[in-house]
Amino acid sequence: MAEQKLALKFLTLKDFDIKNKKVLVRVDFNVPLDEDLNVTNDKRIKESLSTINYLLEQGAKQVILMSHLGRPDGRIVEKYRLTSVCKHLEKVLYQKVTMAEDCVDIKLPEPKNSKVVLLENLRFHPEEEKNDEAFAKKLASYADIYVNDGFGVSHRAHASVHAITKFLPSCAGFLVEKELTVMGKAMSDPDKPFVAILGGAKVSDKIKLIDNLLARCDKILIGGAMAYTFYRAQGFSTGTSKVDEDGIGVANQLLQKTEKSGKIILPIDNVVADKFSENANTKTVVIKDIGSGWMGMDIGPLTINKYKEILKTAKTVLWNGPLGVFEMKKFSRGTEEIAKYLAQMTLKGVTTIIGGGDSAAAVEKFGLASKFTHVSTGGGASLEFFEGKELPGIKALENNCSKSIKKKKLKKQEKKEILLKRKKKN
Ligand code: AMP
């Protein structure tokens, strides 16, 4: 598997002179809204503030923000308008933000009246997800510089993330830079021991992740429903636990592959329930006693202690996927206790990375989100990054960077040749 290099191969905000420039920023404002369309979790909005504020401080002529929201599938869906996101942004930015009526084919307000503009939902147009160049060109026409600060969409080859880099000098915003720096170090040059904690529902969704981590980690601690697929691969019966039938074969291969190294560690006890409900009857049992009619919902206390013991000496910890059904209080203990333990480890200087998605939602729920080295804003994007895949949005920035470096080199070369010719003449 190719080494993931730590060195960033794209330009960043500080490589540009921002003064008097119109800057187009792809942000990820795909935030949850309640029935009244109020933003219920503004982490992604807040994470974009350092880039927006920096651009304003540097004297950008206009900052034009663009994002998607939900899955409108290429048509206008009222509940996915960015109007309430815009209002929320105004509150946290302490600055007027003008909501544009669409994202393309509009005239933007004059910069002197509107320093910050938010374009309407990109995914109201099917061209966005088709990575359509003409659409990207229209977006690019608003600005002098393009900034990708939407890490959560960087695994998508969409027009506002990918094709757009063909039309403007492009760079990464502070959020994208931070995500890639912290996670890149973990994958290329982690402080050891490096322990991964993997939970969640399906093994088959995470095969590539496990494979990539096996090459880099000292131990992988398994939890969540994924554990039951591994138990089945070992020949245990797992009652009515959620098992990924398609993943049993792969789990078996992974166990065989790591038999000698002992890198994969499975839970030794489980909290089981007689139904998938907060009102279920529960008991704590070891694997062989799960019994028919019972489903595993959380790791048990012996496992929590065992995992803490293994984590104790770690210098880098990466966590992807909850260790139980954390959404229900009764089955959230394993996830919460390990989250609290990692928060303490962070205070002692251990690098702790939460890989976005459900794990990020879990630490948020426990009020611990600020206690780790890094909580990724991109569930899918961080998963693909940890799988060792190339993220199209980042690749596009790299291509744009090498093009601009090439251009500079060519210009230098031309200058040299002109000077040489002049010298010869003289
Ligand atoms: P994933 O998207 O694969 O990370 O899966 C996250 C989901 O797995 C969460 O909604 C958890 O509630 C769920 N989950 C974790 N542990 C279990 C379990 N033991 N049984 C069923 N679902 C689980």
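Helix 8 (residues 226-233) is largely enclosed by the rest of the structure, because 7 of its 8 residues are buried, where buried means under 20% relative accessible area with a 1.4 Å probe and protein chains only; helices (H or I, at least four residues) and strands (E, at least two) are DSSP runs, numbered from the N terminus. The model is predicted, so that local features need pLDDT of at least 70 and side-chain atom pairs count only at pLDDT 80 or more, whereas totals for chains, interfaces and linings use all residues. Residues are numbered from 1 along each chain as its sequence is written, and side-chain values use heavy atoms, with hydrogens and water left out.

The buried residues of helix 8 include Tyr 228, Phe 230 and Tyr 231, and just after this helix Gly 235 takes a positive phi of about 95 degrees.

Beyond its neighbours within four places in sequence, Phe 230 is in contact with residues including Val 203, Ile 222, Leu 255 and Ile 264, contact meaning heavy atoms within 4.5 Å.

An open sheet is formed by 6 strands in the order 9-8-7-13-14-15, with parallel pairing, two strands being paired if DSSP finds at least two bridges between them. Strand 9 (264-265) and strand 15 (374-375) stand at the edges, each with a single partner strand, so one side of each is left without a neighbour in the sheet.

Technical notes:
Buried means under 20% relative accessible area, exposed over 50%, partly exposed in between (1.4 Å probe, protein chains only).
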